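I opened this notebook to keep track of what I looked up, entry by entry.

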Amino acid sequence: METVLVTGGRGASGRWVVDRLAGDYEVVVVDYDHPGLDVAPAPHLSFRAADLADRGAALDVVHAVDPDAVVHWAAIPVAGTHPDGRVFETNVRAAKNVLDAAGRADARIVQASSDGAYGFFFAEPTPLPDELPVTEDHPLRPEDPYGLSKVTAEATAGAVARREGVSAVSIRPSWIQYPGDYPCRSDGYVDDLDAGAGNFWSYVDARDVADLVAAALDVAGESNAAVPPGTHEAVNCVAADNALGRPLLDLLRESYGAVPDDCGVAEGDDRGAYAVAKAERLFGWKPSRSWRAAADEDVPEPTLFE
């Protein structure tokens, strides 16, 4: 069984990724803190602690584990929660350190990027996209430290892939939701059109994110794979529908007064704003969860412990 090192695996979305991978792989979770030696990990899981922004610590822990693949999921997850410089520096240093270490270990890479890389949400004012749906080829124009850190992490993954001859995939989720806990369906969000305008009312279920991570790990890395050694690909990861269940073009006209000239979205279609065809083409992945069922689902949250 292959070994996968997952950074940030005890975080809100990271634990869903770890739960999805454990059993298909031996998973080593690396976080800033260790859960304690008195805690019994779930089967096929183990834990290590490291400050990944510390280059020596990151290189040491990856070298010690010697994984077949690295899923880099650790980051300060959003702008505005910490000083700007700390968000950018922490995320970029951790990505540089972990991805360099993964390349040296000849490990294939999957990392968390974000739709924040496009630069829509935190821009003032929020711009319309150049195209609909938004493909991975859309220009990346972040103004905030979080989005900029993700653009830098993607560039780092590409550099490591080319230099070290490993495969690398950057996944761009949009506002991850959890079964039974869908803030995108709260009254305050649904009743306030402006609340979701910055990412065009997009969202994705954590289980769909975890499924895409698993699919990318499974397909990438072989010479005949969709992402062969020496290459990097970025893919969107969003639900098929938008969070309000209304026609996307109507929402844009109401909120922005216009739609992009380059528009391939049909009138009346309540789809999300981001294209996911690339993830399907490369990895056979499609989003399978919608708020219509998942917002009220009763699904236990992964604990990662026995």
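Predicted model: local features only at pLDDT ≥ 70, side-chain atom pairs only at ≥ 80, totals over all residues.

Residues are numbered from 1 along each chain as its sequence is written, and side-chain values use heavy atoms, with hydrogens and water left out.

Entry one, serine 114. I found serine 114 in the loop between β5 (108-112) and β6 (131-132), where helices (H or I, at least four residues) and strands (E, at least two) are DSSP runs numbered from the N terminus. Its relative accessible area is 7%, so I list serine 114 as buried (under 20%; exposed is over 50%, partly exposed in between, with a 1.4 Å probe and protein chains only). Leaving aside residues up to four places away in sequence, serine 114 touches Tyr146, Lys150, Ile171, Arg172 and Pro173, a contact being heavy atoms within 4.5 Å.

Just after α4, glycine 165 takes a positive phi of about 70°.

Counting a side-chain nitrogen of Lys or Arg within 4 Å of a carboxyl oxygen of Asp or Glu, I get 21 salt bridges. One of them joins aspartate 100 to lysine 96, with the closest N and O atoms 3.1 Å apart. Aspartate 100 is buried at 2% relative accessibility, whereas lysine 96 is partly exposed at 34%.
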